[in-house]
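Subject: Structure handover

Hello,

Here is the structure I said I would pass on. My notes on it follow below.

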Amino acid sequence: MEQGVRLMARGVCSCILVVDTRGVGWAHFHTALLNKTADMAAIGFRDRVDRIIVGPMNTIVTAAYHAIRPLLPDNLVAKLVITRDPLAEIRKLVDESEMPAHLVADYSGKK
């Protein structure tokens, strides 16, 4: 997170975090890790991010979200977008010309 903030150009005042969940399966569902993630998100981190886009959503991602949701502060939950189509959500916030080319290619399938 800190590295991402340092990479932001002068005058940029919003940060969007994209959590890529492609390929996530039951092997990745670990309660202790989810609790640590919730702890990390609750300490200062949420104040530096305007939106957190998580996806593509699947059964495991949905289960993980519902497991940690009660542990998350309301202002963090308000920033979360759990979606089947992360690129569509990103496009609502950022013009495609400003997105890294690999992001568009990865999520659109155009490589």
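The average pLDDT of the protein is 81, and 82% of the residues score at least 70; pLDDT is the predictor's confidence in each residue, on a scale from 0 to 100. Helices (H or I, at least four residues) and strands (E, at least two) are DSSP runs, numbered from the N terminus.

This is a predicted model, in which local features need pLDDT of at least 70 and side-chain atom pairs count only at pLDDT 80 or more, while totals for chains, interfaces and linings use all residues. Residues are numbered from 1 along each chain as its sequence is written, and side-chain values use heavy atoms, with hydrogens and water left out.

Three strands form an open sheet in the order 1-2-3, with parallel pairing; two strands pair if DSSP finds at least two bridges between them. Strand 1 (16-20) and strand 3 (80-82) are at the edges and have a single partner strand each, so one side of each is left without a neighbour in the sheet. On average, neighbouring strands of this sheet are turned by 15 degrees against each other, direction ignored; the axes behind such angles are lines fitted to C-alpha atoms, for helices over the stretch in contact, and angles run from 0 to 180 degrees between N-to-C directions. Strand 1 and strand 2 (residues 51-55) run parallel and are joined by five bridges. Val19 has Val54 in strand 2 as its bridge partner.

Cores and helix 3

The largest nonpolar core has 10 residues: Val49, Ile52, Val54, Val61, Tyr65, Ile68, Leu72, Leu76, Val77 and Leu80. At least two residues of this core come from each of strand 2, helix 3 (59-68) and helix 4 (74-77). With three residues, helix 3 gives the most to this core. Another core, of nine residues, lies apart from it and includes Ile53, Val81, Leu87 and Met99. A nonpolar core here is a set of buried Ala, Val, Leu, Ile, Met, Phe, Trp, Tyr and Cys residues joined through side-chain atoms within 4.5 Å. Buried means under 20% relative accessible area, exposed over 50%, and partly exposed in between (1.4 Å probe, protein chains only).

In helix 3, the buried residues are Ile60, Val61, Ala64, Tyr65 and Ile68. These residues cover an arc of only 135 degrees around the axis, which puts them on the same side of helix 3; the arc is that of the directions from the helix axis to the C-beta atoms. Thr59 and His66 are exposed on the other side of helix 3.

Salt bridges

The whole structure has four salt bridges, each a side-chain nitrogen of Lys or Arg within 4 Å of a carboxyl oxygen of Asp or Glu. Among them is the one between Arg22 and Asp20, whose closest N and O atoms are 2.3 Å apart. Arg22 is partly exposed at 37% relative accessible area, and Asp20 is partly exposed at 37%.

Asp74 and Arg69 form another salt bridge (3.6 Å, N to O). Here Asp74 is exposed, at 59%, while Arg69 is partly exposed, at 27%.

Lys92 and Glu89 also meet in a salt bridge (3.0 Å, N to O). Both lie in helix 5, three residues apart, about one turn of the helix. Lys92 is exposed, at 61% relative accessible area, whereas Glu89 is buried, at 17%.

Regards
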